[in-house]
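Please keep the sequence and the structure in view while reading.

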Amino acid sequence: MKSKVFVIEDHPLMRRSLVEAIERESDLTVCGQAEDAQDAFAAVVSLQPDIVLTDIQLKSSSGLDFIKAIRAHAPALPIIATTMFNVRQNERLARAAGASGFVSKQDGPARLIEVVRESLRKDNPQDEHGRLENE
């Protein structure tokens, strides 16, 4: 069974690249996408992905605020944060907000997939602890 990934990225070309990289993998599938935190929150609650991939710096909202909000609802849901800017500082901020993993966009798709798989193994045991409860 494929692990469901939800992607939050405000730049359309980058979002498409992330989705295509994930969809090429036999064990992963993209279950949903959003370009801002507000749309993403409702969709994540509804779709119950196995893992969330979010950009930290979104045009109309903060990926860090999204991480904090989702973490409050689903403490065990793996969340991978990404950015292109101030990588070291933003990694610290993302982890402080509750991200379980971090990937610099400069690291490329192979590293992204590796971190997604590591986070799924570490944070999402075979029981459904990582799932959100429908509200």
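## Strands, a loop residue and a pocket

Strand S1 (residues 3–8) and strand S3 pair in the parallel sense over 4 bridges; two strands count as paired if DSSP finds at least two bridges between them. Strands (E, at least two residues) and helices (H or I, at least four) are DSSP runs, numbered from the N terminus. The model is a predicted one, in which local features need a pLDDT of at least 70, side-chain atom pairs count only at pLDDT 80 or more, and totals for chains, interfaces and linings use all residues. Residues are numbered from 1 along each chain as its sequence is written, and side-chain values use heavy atoms, with hydrogens and water left out.

S3 also runs parallel to strand S4 (residues 79–83), to which 4 bridges join it. The table lists one residue pair for each pairing.

| Residue in S3 | Partner | Pairing |
|---|---|---|
| Val52 | Phe6 | S3 with S1, 4 bridges |

Is S3 (residues 51–55) mostly covered or mostly uncovered? Of its 5 residues, 5 are buried, where buried means under 20% relative accessible area, exposed over 50%, and partly exposed in between (1.4 Å probe, protein chains only). Ile51, Leu53 and Asp55 point one way from S3, while Val52 and Thr54 point the other way.

Asn86 lies in the loop between S4 and helix H4 (87–97). Asn86 is exposed because its relative accessible area is 52%. The C-alpha atoms of Asn86 and Ser104 are separated by 9.5 Å, although these residues are 18 apart along the chain.

Ser104 is also among the residues that line the second largest pocket, as are Thr82, Met14 and Leu112. On a 1 Å grid over the protein atoms alone, a pocket is an open set of points where a 1.4 Å probe fits, with protein on both sides within 12 Å along at least five of seven lines; lining residues have an atom within 4 Å of a point. The second largest pocket holds about 150 Å³ of space. Helix H1 (12–23), strand S5 (101–104) and helix H5 (108–123) each supply at least two lining residues, and H1 gives the most, with 4.

The protein averages a pLDDT, the predictor's confidence in each residue from 0 to 100, of 90, and 90% of the residues score at least 70. Over residues 126–135, however, the pLDDT is below 50.

Conventions
Points joined across faces, edges and corners; volume = space filled by probe spheres on them. Contact = heavy atoms within 4.5 Å.
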